[in-house]
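Biologist: I would like to learn how to read a protein model with two chains. Can we go through some features one by one?

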Amino acid sequence: MKTPLLVIGGGLSGIAAAIRAARFIPDVLLLEKHHRLGGLNSYFYRHGLLFETGLHAITNYAEPRDKKAPLNRLLRQLKLPRDTFNFLPQRQSEILFHGCASLLFSNDFNLFQEEIKRQFPASADNFAALVAFLDGFDPFVIRPFRSTRQFLVERLREPLLQEMLLCPLLYYGSSHSNDIDLSQFAIMFRAIYQEGMFRPGGNIKEFLDTLRNHYLSLGGSLRTGCGVARIVCSGERVERVILADGEELECDYLLSTIGYHETLRLLAESTAAPPAALAGPRLGFIENIYLLKTPPTAPPLSDKTIIFYNKGDTFSYQRPDQPVDFHSGVICLPGNFAQLPPRLHQEIRSTHLASYPLWRQLADDPAAYLAEKQSSSLRSLVELESVLGPFRETILYENNFTPVTIERYTGKLEGAIYGNPAKIKDGDIGYRNLFLAGTDQGFLGIVGAMLSGVSIVNSQILPNL
Amino acid sequence: MTSTEIQELILEIIQDIDDEADFSDLDPDQPLRDQLDLDSMDFLDIVMELRKRHKLQIPEEDYPRLATLNSCVSYLTPLLHDA
């Protein structure tokens, strides 16, 4: 039987695309290589406990009444009533440049504006003008890459404020070294500073289960543990895919959410245009998780939800020449969301930029790799304690994953969670019935990834069926 | 389908997209999108629902003809006269 639409990749963009399509097309089939859904936002078990990967917080918080907000538009498109989920807003987050300044922000943009007025009075008017510019800017019009750094130099007087504004936005959504496309900046500025952050009340597994059950209830089919070995084309038309076990599936349309180069590798005889010029290397990250013995009733180490820290007044966002760059990082306290029911253990997570090539090299020697992982965990702890105060005595379990781990479990080349630095915003990679959604289409973050899946189905598939 | 039935069909589809949609002040000659806070993504749902329910294939270039409630009726009447 010929499948009307095959979706490769069961991460959040693939799931969202499959749900959107299954609302109107029978027999949509979603293929996921791993035995679990979620892609970068998934989970694993250690010591009998569930650990989340990826998810710190979801950006784009919106109240249910705000119909035009991306979060609510997304839920309408998927036909998932808002009250299906128990979304918990963040308490308060911080941009902390050690020895320089600190800016607090929350889901109330006024707080951030006040903080900027207080810390950067000379730039208050310029910041207000920047906000006004962004409010009138349509980031969804497809334009060539424009440097946000250059843009901010022209708009804001104080370099420290430019660096501080960029730090969270690059960490949560830039595939580029030391910069971000202006359209992406506008999307992220709204998503993080103007809308804010939240998380689902349950864990990521429950969130994924809800999406999967909804998809199945719409009549969609799902195969996990099902890798694609090859995509077979005739000219510019995909005819079928060959699975890892040799089974062949014919399809009318194919949507790939696994990344641009990851998709090209599956195309036997590629007629696609050569890759868009790479704007520097792919960026890798290391993620550390510390689970504490302290009971959930004990006061948390901090009242912040996320802390973006940087040492000094210049923020470097690039592949480090060491395995990990501890000059900056993201600290997440997943317990600090409003109304979150107490968990068994307090948890602290940290993310830093990491070098895929150096970790790849280390992985050839398992003992050295493990030793470097352990020393990275300890080194990150030093940074965490300098922000949160001492807590190492209370650590029950710790775990970390490197760009090599991420590549192994998600198939993302070089473990680069934000994918190829250059994006293909219309999802068109030179085929008549094969399109790209997800990370390399360019909308990042959980809401972004899901909107990417939905918008490519809307623009490239539904109108043509 | 009569004009009234087509109107009801469209409103029912919109209600299904947004169960809080308020039709009390709806002007049938003004764009639905502006009055009901629908965006282009929601608008596509109207097209897709018409397809799903009545096997109507509406080409993209005809989407503007679904802009207002009255233009929907005039566009859909010949297409749905047997429905």
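Biologist: With which residue does B:D45 form a salt bridge, and how far apart are the closest N and O atoms?

Modeller: Keep in mind that this is a predicted model. B:D45 forms a salt bridge with A:R23, and the closest N and O atoms are 3.1 Å apart. A pair counts when a side-chain nitrogen of Lys or Arg lies within 4 Å of a carboxyl oxygen of Asp or Glu.

Biologist: How many salt bridges does the rule find across the interface of chain B and chain A?

Modeller: Nine salt bridges are found there. For polar contacts, the rule finds nine residue pairs across this interface, with both residues at pLDDT 80 or more.

Biologist: Which elements of chain B give two or more residues to the side that touches chain A?

Modeller: These are α1 (3–17) and α3 (40–54) of chain B. The most comes from α3(B), with eight residues. Sorted by type, the residues on this side of chain B are six nonpolar, one polar and eleven charged.

Biologist: How is the size of an interface given?

Modeller: It is often stated as the accessible area that is lost when the parts come together. Here the area buried between chain B and chain A is about 1600 Å², and carbon and sulfur atoms give 46% of it. B:D37, B:M41 and B:M48 supply 34% of the area that chain B buries against chain A, more than any other three residues. The contact takes 18 residues from chain B and 16 residues from chain A.

Biologist: Next, burial. Is helix α1 of chain A mostly covered or mostly uncovered?

Modeller: Helix α1 (residues 12–22) of chain A is mostly covered, as eleven of its eleven residues are buried. Among them are A:L12, A:I15, A:I19 and A:R20.

Biologist: Why does A:E347 count as buried?

Modeller: The cut-off for buried is under 20% relative accessible area. A:E347 counts as buried because its relative accessibility is 15%. This residue is in strand β16 (residues 347–354) of chain A. The side chains of A:E347 and A:R349 are joined by a polar contact of 2.7 Å. Apart from neighbours within four places in sequence, A:E347 is in contact with residues including A:Y290, A:C332 and A:P334.

Biologist: Which residues touch the most other members of the largest nonpolar core?

Modeller: That core has 77 residues, and A:L255, B:I10, B:L50 and B:L76 touch the most other members. Take B:L50: leaving aside neighbours within four places in sequence, its contacts include B:I10, B:I13, B:L66 and B:L76. A second, separate core has 51 residues, including A:L130, A:L134, A:F315 and A:Y317.

Biologist: Where are A:D27 and A:K79 found?

Modeller: A:D27 is in the loop between α1 and β2 (29–31) of chain A. A:K79 is in the loop between α2 (70–78) and β5 (87–89) of chain A.

Biologist: What are the relative accessible areas of A:D27 and A:K79?

Modeller: For A:D27 the value is 39%, so the residue is partly exposed. A:K79 has 32% and is partly exposed.

Technical notes
Residues are numbered from 1 along each chain as its sequence is written. Chains are lettered from A and ligands numbered from 1 in the order in which they are written. This is a predicted model: local features need pLDDT of at least 70, side-chain atom pairs count only at pLDDT 80 or more; totals for chains, interfaces and linings use all residues. Side-chain values use heavy atoms; hydrogens and water are left out. Contact means heavy atoms within 4.5 Å. Buried area is the accessible area (1.4 Å probe) that two parts lose on being put together, summed over both. A polar contact is a pair of N or O atoms within 3.5 Å; within protein, one must be able to donate a hydrogen and the other to accept it, and residues adjacent in sequence count only if both atoms are side-chain atoms. Helices (H or I, at least four residues) and strands (E, at least two) are DSSP runs, numbered from the N terminus. Ala, Val, Leu, Ile, Met, Phe, Trp, Tyr, Cys and Pro count as nonpolar, Asp, Glu, Lys and Arg as charged, and the others, Gly among them, as polar. Buried means under 20% relative accessible area, exposed over 50%, partly exposed in between (1.4 Å probe, protein chains only). A nonpolar core is a set of buried Ala, Val, Leu, Ile, Met, Phe, Trp, Tyr and Cys residues joined through side-chain atoms within 4.5 Å.
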